[in-house]
Amino acid sequence: MTEVTRERVEAAYAALGSGDRARILEYYSEDLRWLVPGNHPLAGWYESLDAFLELMGQTHKLTGGTFRMDIQAVLVGEDCSADVCRNVALRDGADETSTSPHERMDYPVFHFMRWRGGRIVEGRDGLFGDSATAFSQFWAPFAPDGTRRDR
């Protein structure tokens, strides 16, 4: 059995960021389940690796490629890991100086992941306090002026 270590968690993030499916499969199970919290179009359960990768593609599209997760802390257990990332992004088309929560993401996000056989089989995002509201505002299909955005 592959041990869950900080290095393995960091490698899983790096693999995901690479976009290389073969590399991603070293760390993520084909039957991955992932929960995105909130009240927005991206919220809900993603019930396969393909669905999760489609979600990641949507985050890339909606942010014009600016979305990133900077690992700040990692805890590991026998079959689980928990980490805090600073998630940073700007909605595609937003003014770079915008401070609107509808256009700028810059706050900590907690991830809890279950591992089996060296791969992540389940993950859950967690947000706290005002970050939970800001997260839903950021992914909402509306601009600060109330106009609808394209998904």
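A cavity here is a set of grid points where a 1.4 Å probe fits but cannot get out. The legends below describe close-up views of a predicted model.

**View 1. The largest cavity of the predicted model.** A search of the whole structure finds 2 cavities of 30 Å³ or more. The largest cavity holds about 200 Å³ of space. Its lining is made of 19 residues, and those closest to its centre are W34, M56, F67, M69 and D125. At least two lining residues come from each of α1, β1, α3, β5 and α4 (130–139). Helix α3 gives the most to this lining, with 4 residues. By class, the lining of the largest cavity divides into 15 nonpolar, 3 polar and 1 charged residues.

**View 2. The largest pocket.** The volume of the largest pocket is about 330 Å³. Of the 14 residues that line the pocket, L16, G17, M56, F67 and M69 lie nearest its centre. Two or more lining residues are given by each of α1, α3 and β3. Helix α3 gives the most to the lining of the pocket, with 5 residues. The pocket lining has 7 nonpolar, 6 polar and 1 charged residues.

View 3. Six strands form an open sheet with mixed pairing, in the order β2-β1-β6-β5-β4-β3. The edge positions belong to β2 (44–46) and β3 (68–76); each has a single partner strand, so one side of each is left without a neighbour in the sheet. From one strand to the next, the twist averages 20°.

View 4. Strand β4 (residues 80–90) pairs with strand β5 (residues 104–116) in the antiparallel sense, over 11 bridges. Within this pair, V84 stands opposite F110 in β5. Helix α1 (residues 6–18) packs on the sheet and touches β1 (28–36), β3, β4, β5 and β6 (119–126). The direction of α1 makes about 160° with that of β3. Helix α3 (residues 49–62) also packs on the sheet, where it touches β1, β2, β3 and β4. The direction of α3 makes about 55° with that of β1.

**View 5. Strands β3 and β4.** The two strands pair in the antiparallel sense over 8 bridges, and a hairpin joins β3 to β4 through 3 residues. The bridge partner of V74 is D83 in β4. Strand β4 is mostly covered, with 9 of its 11 residues buried.

**View 6. Strand β6 between β1 and β5.** Strands β1 and β6 run parallel and are joined by 4 bridges; R33 has E122 in β6 as its bridge partner. Strands β5 and β6 run antiparallel and are joined by 7 bridges; F112 has R124 in β6 as its bridge partner. The hairpin of β5 and β6 has 2 residues between the strands, and G117 takes a positive phi near 60° there. Strand β6 is mostly covered, since 6 of its 8 residues are buried.

**View 7. The surroundings of M113.** M113 lies in strand β5, and the bridge partner of S81 is this residue. Residues under 20% relative accessible area count as buried. M113 counts as buried because its relative accessibility is 2%. Leaving aside residues up to four places away in sequence, M113 touches V9, Y13, W34, D79, C80, S81, D83, I120, E122 and G123. V76 is 37 residues from M113 in sequence, with a C-alpha to C-alpha distance of 9.5 Å.

**View 8. The buried residues of helix α4.** S131, A134, F135, S136, F138 and W139 are buried in α4. The elements that cover these buried residues include β1, α3, β4 and β5. An α-helix has 3.6 residues a turn, so residues three or four places apart point the same way. Helix α4 is also one of the elements that supply at least two residues to the lining of the largest cavity.

Note on methods
Residues are numbered from 1 along each chain as its sequence is written. This is a predicted model: local features need pLDDT of at least 70, side-chain atom pairs count only at pLDDT 80 or more; totals for chains, interfaces and linings use all residues. Side-chain values use heavy atoms; hydrogens and water are left out. Two strands pair if DSSP finds at least two bridges between them. Axes are lines fitted to C-alpha atoms, for helices over the stretch in contact, and angles run from 0 to 180 degrees between N-to-C directions. Contact means heavy atoms within 4.5 Å. On a 1 Å grid over the protein atoms alone, a cavity is a set of points where a 1.4 Å probe fits but cannot get out, and a pocket is an open set with protein on both sides within 12 Å along at least five of seven lines; lining residues have an atom within 4 Å of a point. Grid points are joined across faces, edges and corners, and a volume is the space filled by probe spheres set on the points. Ala, Val, Leu, Ile, Met, Phe, Trp, Tyr, Cys and Pro count as nonpolar, Asp, Glu, Lys and Arg as charged, and the others, Gly among them, as polar. Buried means under 20% relative accessible area, exposed over 50%, partly exposed in between (1.4 Å probe, protein chains only).
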